[in-house]
Amino acid sequence: MASIANRSPWVVMVGNKELAKFRLKSQATKYLEDNPNPKAKIVQLETAFEIQIKLKDKEGNVIKLTNTCPTYKEAEAWAKKEEERLLEHKKQHGGKFDTSQETMTLEEGLNLLLEQHYKKMASYSENKYRIPHIVEYFGKHKLIKDITKKNVKDYRDYLEEKGYALSTQKNNFALLSMLFKHANSEWLFSLTNPVLGVKIDTPKNAVERYWESKDEKEKLLAAIEKYRPSIKNVVLLCLDLTFRIGEVLPKAMHDKHGNEINQDKGLFWKNVDFENNEIRLTHEKNDHTKRNT
């Protein structure tokens, strides 16, 4: 069963005077002894309730979860939900808990995250490329549970010092943050996400859609004509209509067995209306963030 304890501050109340607030009851008591007043009283606020869950499986493995909620009712609800989740996990795994939190390295965690979370996403290959660079900085034997906020801040400073683009910093930190979210929700780890609260500047990546010189476009088209003439019309289309290449050309996706997955993404003849001079794209880069239109 979960234990819920009131960890709110203690206050000394004396009429309409300003409250004296203390972390411990003993501190409030001493303050009252040093400042005696027959009308004063010591009261504990109800603003922070700490929940501790400790469950053991048949092999003696122990899972511990902690959290703090602003009200007792919220603490009870969280404890009930998490206990039910842990017990269901235990039931599905033959009465055992997974204790890999104590032994999983950052490299192992990132690779497992890649296969479980990013496998069918377009960002799979990009994140696969990022993992070795992150592991190289933290070290192959660094445990996930040992990564602190200071480690993360030092990593940010390292990337800045080495001149990495803000977009690279942001993407690497997003991958790290997802690791901790996934570990807590799917692997039942009890870890604080050290990435949260570490500030990274927002990339200034607005694109100026102008040629740098008069002959830049001609040089580009000449190079395409020489090396990849088959894509010349695609490039012209993208330049004129500001399409992304991934919106026009379907990207090959494969399932876990290596078989190509058919997609209805990209520009097909059925989406070209010659009568009304109209092109319809069925997929955009950030579709998941937009309302259907």
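The model is predicted, so local features require pLDDT of at least 70 and side-chain atom pairs pLDDT 80 or more, while totals for chains, interfaces and linings use all residues. Residues are numbered from 1 along each chain as its sequence is written, and side-chain values use heavy atoms, without hydrogens and water.

Begin with the whole chain in a cartoon view. The chain holds nine helices and ten strands; these are DSSP runs numbered from the N terminus, helices being H or I with at least four residues and strands E with at least two. Of its 293 residues, 28% are buried, that is, under 20% relative accessible area with a 1.4 Å probe, counting protein chains only, whereas exposed means over 50%.

Next, select residues 72–92, helix H2. Its 21 residues reach 30 Å from the first C-alpha to the last, close to the 30 Å expected at 1.5 Å a residue; the expected span is 1.5 Å times one less than the number of residues.

Within H2, display the side chains of Ala75, Ala79, Glu82, Glu83, Leu86 and His89, which are buried. They lie on the same side of H2, because they cover an arc of only 125° around the axis, taken from the directions from the helix axis to the C-beta atoms. Then select Lys73, Lys80, Lys81, Lys91 and Gln92, which are exposed on the other side of H2.

Finally, select glycine 94, which follows H2 and has a positive phi, near 65°.
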